[in-house]
Amino acid sequence: MLPDGSVQLLCLTASSGVPLFTRGASRPLPFSVIGSLNGVHMFGGGQGAWLSSCESQGGGQVVWRVFHQSLMLIAVSGGQQQRSPAQETSSSCRDDPICLDRLLENVWSCMVLVLGLDELMNVRNVERLKRDLRSCFGLIDQLLGDQQEGMLGPVTHCADTLLPPNPTLVQEAVEGFAAAADSEFGCLLVHGRIAAATEKWWRLAPQEVVLLTALIRSLSCGGAVSCDYPVFLPHGSPSVAHRLLRFQLLPGADVCVLCGPTPSLYQAESQLVGRFWSPLVECLRDCLDVGQRCLPKSVSLRPDVLALLLISRETRRSISCVMTPASQDPPPPPRGRAWELLKLFYIFCMRRYFRQEESGSSEAQQGSAEDFALGFTHQPQQCYLVTDECKSYALQTPQHQLFLLCPLAVPTFALRSVATQTLADVTAATGF
């Protein structure tokens, strides 16, 4: 139905099947196909069968989700032909039904984040809802198009974080700034990743943290140095809006708070921003210098590490980076492809071996993991995969999950020691 590697998102009313919007692939699906996708789901429901996903003859995927019996979201991917397990990390995560299911879950939550649950559950005027949903398109397109390279939070539901060189200074500044703004929820974003946040910010649901971070990135791309934006928390406050105040401190560094009616945007910008952040300009520049590596220079990584994703299982935070290695033979994957391979390897491991941490993980994810793991009498703690592009290794401890990409030149038997040393080096130097 679609070209390989492309994804199209459809939103319809659940009761009548009226299309509300289409996002994604440049060539939209014909109206007859959209009607058929809605019709087959409705037919299955009428016969007592719940249709959640299917695969087309050409390898494409279709995933359906109905939310609160109000709106239906459908994700359609162009896909590829059937692949062996070893090839699952050599294509695109857009072809994976688990990834598509999580996409629908995130899109629904971002619609709640912007419009509120009441607006979506009680559809009184379809044309008005169509207009209101346009305000979600920027965030939906960011989730759909993976426009922010290296942001894995929408897939992992862990906050993408950056470890600053002077964590104590920025942490104290964030807490002081939030308190002065009469808020307990504040965070500092550097290059779109959370560098510091208040305790209450971290207590938000993991998906809320991820989507708020994506929204702040989207607002930052708009060019305004400050904004006052109403948001609903999909899990914590889906019907009552909060104010999200965002301020650009330096290009690439933003601070934000969730607050009530006070202070006004002008008061916070004129009285609080300079007071708390002007003394920390050099510290902020040091944070910006960390860049996409996400780790301070005090952390040294082995030269045979191409990319890593490290997740704190308790806090649901993650750090990830792709290194730029010296010339190798064979050459390593390009930077963009390395990010894609890292994401695919994470999905591969979570689908087959590791336990999903979130209590709210989708039925599709749980079912897939259970089906494959029926033959296991234990919980796997480590796994590896060798493909034509790189070698991958993952390990799980009670505190962490580490996913690693290494060059093909690294002997397979050495992957375990590379992973364990990398985990020890990062945690010892940062306390992550």
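This is a predicted model: local features need pLDDT of at least 70, side-chain atom pairs count only at pLDDT 80 or more; totals for chains, interfaces and linings use all residues.

Trainee: How many helices and strands does the chain have?
Mentor: The chain has 14 helices and 16 strands, taken as DSSP runs numbered from the N terminus (helices: H or I, at least four residues; strands: E, at least two).

Trainee: What percentage of the residues is buried?
Mentor: Of the 432 residues, 54% are buried, where buried means under 20% relative accessible area with a 1.4 Å probe, counting protein chains only.

Trainee: Which residues touch the most other members of the largest nonpolar core?
Mentor: They are Phe21, Trp108, Met111, Leu120, Leu133, Trp201 and Leu244, in a core of 53 residues. A nonpolar core is a set of buried Ala, Val, Leu, Ile, Met, Phe, Trp, Tyr and Cys residues joined through side-chain atoms within 4.5 Å. Helix H2 (residues 97-115) supplies the largest share of this core, 11 residues.

Trainee: And what is Trp108 in contact with, leaving aside neighbours within four places in sequence?
Mentor: Trp108 is in contact (heavy atoms within 4.5 Å) with Phe67, His68, Leu71, Leu73, Leu117 and Leu120.

Trainee: How do H2 and H5 cross?
Mentor: The axes of H2 and helix H5 (residues 137-145) come within 10 Å and cross at roughly 165 degrees. Axes are lines fitted to C-alpha atoms over the stretch in contact, with angles from 0 to 180 degrees between N-to-C directions. The two helices are therefore roughly antiparallel, a term for angles over 145 degrees. On the H2 side, the contact includes Leu103 and Met111; on the H5 side, Ile140 and Leu143 are among the residues involved.

Trainee: Is H5 mostly covered or exposed?
Mentor: Mostly covered, as seven of its nine residues are buried. Those buried residues pack against strand E1 (7-13), strand E2 (19-24), H2, helix H4 (126-133), helix H6 (153-156) and helix H9 (206-221).

Trainee: Changing topic, at what angle do H7 and H10 cross?
Mentor: The axes of helix H7 (residues 167-180) and helix H10 (residues 265-277) cross at roughly 160 degrees and come within 10 Å. That makes H7 roughly antiparallel to H10. Among the residues that meet there are Val170 and Phe177 in H7 and Leu272 and Phe276 in H10.

Definitions and conventions:
Residues are numbered from 1 along each chain as its sequence is written. Side-chain values use heavy atoms; hydrogens and water are left out. Buried means under 20% relative accessible area, exposed over 50%, partly exposed in between (1.4 Å probe, protein chains only). Angles under 35 degrees count as roughly parallel, over 145 as roughly antiparallel, 65 to 115 as roughly perpendicular and the rest as oblique.
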